[in-house]
Amino acid sequence: MATALLVRDFFIWMYFDAPVAYTRIWGNILWFLYHFFSIKLLTLTLFSKWKQLGEVRKERGFDEWMAVFAVNTLMHIVGFFIRSFTIIVGLGSIALAVMLGGAFFVLWFLLPLVIISAFVLGVALLII
């Protein structure tokens, strides 16, 4: 009787309780990656200057205006590329987490079959 209850509890845990906990943990990992890479903030500030570095016009004249324009434009371009790279790495990390999480989720349900198959194959190889 105790063995039957143990097997029943195992299957309830294996196919009901653990997948719920796994999806909650998986969601936490995805939430962490999204916030760790600050995807929303980087998207909103994609065209901002890098670290707010830039020049302020101090004197009059076309040369001063061109120098300020060049430095500020360069800082916008640097900010765009660094933010774009970080967004791409973050989205790639999230995509990898989704794919690996889905693969492990499917593997979780197939694991008892894999264990039983490996046992049967091992016994068959011993007999042969």
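Which residues make up the largest nonpolar core?

1. The structure under review is a predicted model. Its largest nonpolar core consists of five residues, namely Leu33, Phe37, Ile39, Ile94 and Ala97.

2. When neighbours within four places in sequence are left aside, Phe37 is in contact with Leu42, Thr86, Val89, Gly90 and Ser93.

3. With regard to secondary structure, the protein contains three helices and zero strands. The order of elements along the sequence is α-α-α. The radius of gyration is 28 Å, well over the 14 Å that the globule rule gives for 128 residues, so the protein is more spread out than a compact globule.

4. The C-alpha trace spans about 95 × 35 × 10 Å along the principal axes of the protein.

5. How much of the protein is buried? Of the 128 residues, 16% are buried, a class defined by a relative accessible area under 20%. The protein exposes about 10000 Å², and carbon and sulfur atoms supply 78% of that area.

6. Among contacts between residues at least 6 apart in sequence, 78% join residues that are at least 24 apart.

Methods: Residues are numbered from 1 along each chain as its sequence is written. This is a predicted model: local features need pLDDT of at least 70, side-chain atom pairs count only at pLDDT 80 or more; totals for chains, interfaces and linings use all residues. Side-chain values use heavy atoms; hydrogens and water are left out. Helices (H or I, at least four residues) and strands (E, at least two) are DSSP runs, numbered from the N terminus. The radius of gyration is taken over C-alpha atoms; the globule rule is 2.2 Å times the number of residues to the power 0.38. Buried means under 20% relative accessible area, exposed over 50%, partly exposed in between (1.4 Å probe, protein chains only). Contact means heavy atoms within 4.5 Å. Accessible areas come from the Shrake-Rupley method with a 1.4 Å probe; for residues, only the protein chains shown count as cover. A nonpolar core is a set of buried Ala, Val, Leu, Ile, Met, Phe, Trp, Tyr and Cys residues joined through side-chain atoms within 4.5 Å.
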